Amino acid sequence: MANQQNFSARISWIGYIRFIIMFLLFGALIISTAGGAVAGLVHLTLGETAAKYVAIGLFVGGSIACFIYCLYRLIQFKAYTDDEGVWFLHGYFPWSAGIKGVRWENFDQVLFRPSLFSWFTGSYTVFIRDRYGNTVTIKDLFLGKQWSALVNGRAMGSPTPRSTM
């Protein structure tokens, strides 16, 4: 597989919208709960006015910091090929970050799930399969249909992958 062209794809805008909705639902709830607990402690020691400002500061500051960090990590999500295999770089937090994938010698195929929504947005769920039946799932891959065709074409050794348009 040496001297082959490498392909990469990123998460589509649908993945960012999903992230923002989940952040608004869960992130704000968690940060406000933690901010309320700290504000309660501050209220006991410094008074009610200080507690309000601490709660607002923690909520706004914590929300912005968490949002920026998670968005930064989401931007780094990437599906790609190299001389070793097909890979997906993922994970929001340091303990969950990593690379999943399949080496070329164990590669079977890359599949995508077609739907009206996927066709309309260009955002596909992609499955990287190995010859043992294990699967790596990538949600909301931008132009995942075309990426699947390119990777499968490379695996079969075709010089120019077929068009999927």
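The structure is a predicted model.

**Exercise 1. Strand E6 and its neighbours**

Task: Determine which strands pair with E6, and in which sense.

Solution. 
Step 1. Strand E5 covers residues 107–113, and it pairs with E6 in the antiparallel sense over 6 bridges. Within this pairing, Gln109 stands opposite Arg129 of E6.
Step 2. Strand E7, residues 135–142, also pairs with E6 in the antiparallel sense, over 6 bridges. Here Arg129 faces Thr135 of E7, and Ile128 has Val136 of E7 as its bridge partner.

**Exercise 2. The largest pocket**

Task: Describe the largest pocket by its volume, its lining residues and the classes of those residues.

Solution. 
Step 1. The volume of the largest pocket is about 480 Å³.
Step 2. Its lining consists of 20 residues, and those closest to the centre are Arg18, Phe19, Leu74, Phe77 and Tyr92.
Step 3. Two or more lining residues come from each of helix H1 (13–46), helix H2 (48–75), strand E3 (85–90) and E7. H1 gives the most, with 7 residues.
Step 4. Sorted by class, the lining holds 13 nonpolar, 4 polar and 3 charged residues.

**Exercise 3. Aromatic pairs**

Task: The structure holds 4 aromatic pairs. Classify the pair of Trp104 and Phe107 and the pair of Phe112 and Tyr124, and judge the burial of each partner.

Solution. 
Step 1. The ring centres of Trp104 and Phe107 lie 5.3 Å apart, with 65 degrees between the planes, and the pair is edge-to-face.
Step 2. Trp104 has a relative accessible area of 10% and is therefore buried. Phe107, at 12%, counts as buried.
Step 3. For Phe112 and Tyr124, the centres are 5.4 Å apart and the planes stand at 85 degrees, so this pair is edge-to-face. The pair links distant parts of the chain, since Phe112 belongs to strand E5 and Tyr124 to strand E6, 12 residues apart.
Step 4. Phe112 has 29% relative accessibility and so counts as partly exposed, whereas Tyr124, at 6%, counts as buried.

**Exercise 4. Two further aromatic residues**

Task: Identify the residue that lies over the face of Tyr80, and decide whether Phe67 is buried or partly exposed.

Solution. 
Step 1. Lys78 lies over the face of Tyr80, at 5.0 Å from the ring centre.
Step 2. Phe67 is found in helix H2. With a relative accessible area of 24%, Phe67 is partly exposed.
Step 3. Phe67 and Ile20 are 47 residues apart along the chain, and their C-alpha atoms are separated by 8.3 Å.

Conventions: Residues are numbered from 1 along each chain as its sequence is written. This is a predicted model: local features need pLDDT of at least 70, side-chain atom pairs count only at pLDDT 80 or more; totals for chains, interfaces and linings use all residues. Side-chain values use heavy atoms; hydrogens and water are left out. Two strands pair if DSSP finds at least two bridges between them. Helices (H or I, at least four residues) and strands (E, at least two) are DSSP runs, numbered from the N terminus. On a 1 Å grid over the protein atoms alone, a cavity is a set of points where a 1.4 Å probe fits but cannot get out, and a pocket is an open set with protein on both sides within 12 Å along at least five of seven lines; lining residues have an atom within 4 Å of a point. Grid points are joined across faces, edges and corners, and a volume is the space filled by probe spheres set on the points. Ala, Val, Leu, Ile, Met, Phe, Trp, Tyr, Cys and Pro count as nonpolar, Asp, Glu, Lys and Arg as charged, and the others, Gly among them, as polar. Rings of Phe, Tyr and Trp (its six-membered ring) pair if their centres lie within 6.5 Å; planes under 30 degrees apart count as stacked, over 60 as edge-to-face and the rest as tilted. Buried means under 20% relative accessible area, exposed over 50%, partly exposed in between (1.4 Å probe, protein chains only). A charge sits over a ring if NZ of Lys or CZ of Arg is within 6 Å of the ring centre and within 35 degrees of the ring normal.
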